[in-house]
Amino acid sequence: MLLFRNHIDRKDLISIRRLLQSTGFFEQSPDEIDIAIELAEMALEQGNNIENYDFIMAEQDDQVVGYVCFSRVPCSISSFEIYWLCVDQRWQGNHIGKKLIEETIQIIRTCGGKKLILQTAGRTQYIPTQKFYSACGFIEEARIKDYYAEGDDCLIFTMGIN
């Protein structure tokens, strides 16, 4: 049975690294995984909460199979951003990512959130990710050309929350 918890433990640092490595998306820039770990460490030090970085961990049979990291956008009253959303490659296709987004939206609603934002890469490898976000109700609101590298745009997706 899939369970969610909205706090992070020190042991989750290993799980987050494993999840991100499982996707095969960060082989060209492994420093991205280090950044994800840094955000998790900050949440452990400063407290896992919406004003710092909030985490929701998805667990199946006591194993972390996915997670989301999000927070309120600094200086914003009602906008929130997803910084990381990852599901173990072996568990993709089981609606875990969609459920993590739904759990995130529920928390954001209770905090008065009205808009959810996320960024993703524009290169071909990320087309399934882009389609996933669209299927979840996000719209591509902006595109910054050659953001990550030449030919790799930054796509900014948003979703209104009612």
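This is a predicted model: local features need pLDDT of at least 70, side-chain atom pairs count only at pLDDT 80 or more; totals for chains, interfaces and linings use all residues.
Reader: Let's start with Asp12. What makes it buried?

Author: Its relative accessible area is 1%. Buried means under 20%, so Asp12 counts as buried. Asp12 sits in helix 1.

Reader: Which residues does Asp12 touch, leaving out those up to four places away in sequence?

Author: Arg5, His7, Met57 and Val64.

Reader: And how do you know that the side chain of Asp12 makes a polar contact with the backbone nitrogen of Asp9?

Author: That side chain reaches the nitrogen at 2.7 Å, and the cut-off for a polar contact is 3.5 Å.

Reader: Now Ile14. Why is this one called exposed?

Author: Ile14 has a relative accessible area of 65%. The label needs over 50%, so Ile14 is exposed. Ile14 belongs to helix 1 too, which runs over residues 12–23.

Reader: On to the largest nonpolar core. Which of its residues touch the most other members?

Author: Ile82, Leu100, Ile101, Leu116 and Phe138, out of 25 residues. Strands 2, 3, 4, 5 and 7 and helix 3 each supply at least two residues of this core. Helix 3 gives the most, with six.

Reader: What does Leu100 contact beyond its neighbours within four places in sequence?

Author: The list includes Phe4, Ile56, Tyr67, Val68 and Leu85.

Reader: Last stop, helix 4. Which of its residues are buried?

Author: Thr129, Gln130 and Tyr133, in a helix spanning residues 127–135.

Reader: How do you know that the buried residues line one face of the helix?

Author: Looking down the axis of helix 4, the buried residues fall within an arc of 100°, so they line one face. Pro128, Lys131 and Ala135 are exposed on the other side.

Reader: What do the buried residues of helix 4 pack against?

Author: Strand 4, helix 3, strand 5 and strand 7.

Reader: And what follows helix 4?

Author: Gly137, with a positive phi near 105°.

Terms used
Residues are numbered from 1 along each chain as its sequence is written. Side-chain values use heavy atoms; hydrogens and water are left out. Helices (H or I, at least four residues) and strands (E, at least two) are DSSP runs, numbered from the N terminus. Buried means under 20% relative accessible area, exposed over 50%, partly exposed in between (1.4 Å probe, protein chains only). A nonpolar core is a set of buried Ala, Val, Leu, Ile, Met, Phe, Trp, Tyr and Cys residues joined through side-chain atoms within 4.5 Å. Contact means heavy atoms within 4.5 Å. The arc is that of the directions from the helix axis to the C-beta atoms. A polar contact is a pair of N or O atoms within 3.5 Å; within protein, one must be able to donate a hydrogen and the other to accept it, and residues adjacent in sequence count only if both atoms are side-chain atoms.
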